Amino acid sequence: MRSTGPGSSLTLHGLGHSARGRRWRFMVIGPTGVGKTSLLAALEYRDGLEATKTQMIDYSGWGIDTPGEYSELGHLRRALTTVVVDADVLVVAQLATSERSVFPPNYFLMFNQETIGVVTQVDLPGADVARATGLLREVGVTGSIFPVSVMTGAGISELRELLQGQIESSKE
Ligand SMILES: Nc1nc2c(ncn2[C@@H]2O[C@H](COP(=O)(O)OP(=O)(O)O)[C@@H](O)[C@H]2O)c(=O)[nH]1
Ligand SMILES: [Mg+2]
């Protein structure tokens, strides 16, 4: 389902195109409440705290937003394996204060796309970036890992720069 939202009016997108001839996209994946929608907003210079519950896969912004149910146990996670074909890069979100991942070991090794990790909400008390990084590696995230907070802005510009760099190289 395609909808219009604040993200669709941005010039940030850069209009990169992948080898398959459509716009270069990344997809943010992770359980409910980890901060996917807030992170996407912050990457687009929108207010990161306006997020409401994500009901559907949202293609309107710079990155593709997914409802947490697609990452959690059950039939919808199986659907994730078909949904990710719309993305060139997978951004896997792990909450900094969580002691576990919702994904099975090596889950992301089944995808051809590059996988980037984000450790979210690192401003929270009890945040453990090393533990969260270990969890992301266990589930098969092989690319760079960014500790981020939309509250403090930590890590946001670094992640944005990496994604913009990928857009630029997708145009070549
Ligand atoms: N303290 C803190 N709260 C955050 C951060 N990112 C998101 N949140 C809050 O966490 C909740 C879930 O965020 P949301 O983006 O909707 O998560 P999603 O379900 O993964 O899309 C919201 O109440 C956000 O305001 C963060 O970096 N720090
Ligand atoms: Mg959401």
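Two strands are taken to pair if DSSP finds at least two bridges between them, and helices (H or I, at least four residues) and strands (E, at least two) are DSSP runs, numbered from the N terminus. The structure described here is a predicted model, in which local features need pLDDT of at least 70 and side-chain atom pairs count only at pLDDT 80 or more, while totals for chains, interfaces and linings use all residues. Residues are numbered from 1 along each chain as its sequence is written, and chains are lettered from A and ligands numbered from 1 in the order in which they are written.

## Overall arrangement

The protein chain contains 4 helices and 5 strands, which follow one another along the sequence in the pattern β-α-β-α-β-β-α-β-α. Of its 172 residues, 39% count as buried, a residue being buried if 20 or more other C-beta atoms lie within 10 Å of its own, exposed if 12 or fewer, and partly exposed in between, with C-beta atoms placed from the backbone. Two residues are in contact if their C-beta atoms, again placed from the backbone, lie within 7 Å; among contacts between residues at least 6 apart in sequence, 70% join residues at least 24 apart.

The 5 strands form an open sheet in the order 2-1-3-4-5, with parallel pairing. Strand 2 and strand 5 stand at the edges with a single partner strand each, so one side of each is left without a neighbour in the sheet. From one strand to the next, the twist averages 25 degrees, where axes are lines fitted to C-alpha atoms (for helices over the stretch in contact) and angles run from 0 to 180 degrees between N-to-C directions.

| Strand pair | Bridges | Facing residues |
|---|---|---|
| Strand 1 and strand 3 | 4 bridges, parallel | M27 and L90 |
| Strand 3 and strand 4 | 7 bridges, parallel | V89 and E114 |
| Strand 4 and strand 5 | 3 bridges, parallel | V118 and F146 |

Between strand 4 and strand 5 the chain crosses through helix 3, and this β-α-β crossover is right-handed; the term applies if, with the strands pointing away from the viewer, the path from the first strand over the helix to the second runs clockwise. Strand 4 itself is mostly covered, since 6 of its 7 residues are buried.

## The nonpolar core

A nonpolar core is a set of buried Ala, Val, Leu, Ile, Met, Phe, Trp, Tyr and Cys residues joined through C-beta atoms within 7 Å. The largest such core has 41 residues, of which M27, L39, L90, V91, V92, A93 and V118 touch the most other members. At least two residues of this core are supplied by each of strand 1 (26-29), helix 1 (36-43), strand 3 (89-95), strand 4 (114-120), helix 3 (129-138), strand 5 (145-147) and helix 4 (156-170), and the largest share, 6 residues, comes from strand 3.

Helix 1 is mostly covered, with 8 of its 8 residues buried, namely K36, T37, S38, L39, L40, A41, A42 and L43. The elements that cover these buried residues include strand 1, strand 2 (63-65), strand 3, strand 4 and helix 4.

## Individual positions

Just after helix 1, Y45 takes a positive phi of about 65 degrees. N106, in the loop between strand 3 and strand 4, has a phi near 65 degrees, a positive value in a residue other than glycine, and N106 is exposed, with 11 other C-beta atoms within 10 Å. Q121, placed in the loop between strand 4 and helix 3, likewise has a positive phi, near 60 degrees, but Q121 counts as buried, with 25 C-beta neighbours inside 10 Å.

V83 belongs to helix 2 (residues 75-83) and is partly exposed, with 15 other C-beta atoms within 10 Å. Leaving aside neighbours within four places in sequence, V83 is in contact with I57, T66 and Y70; from one of these, T66, V83 is 17 residues apart in sequence and 9.3 Å apart in space, C-alpha to C-alpha.
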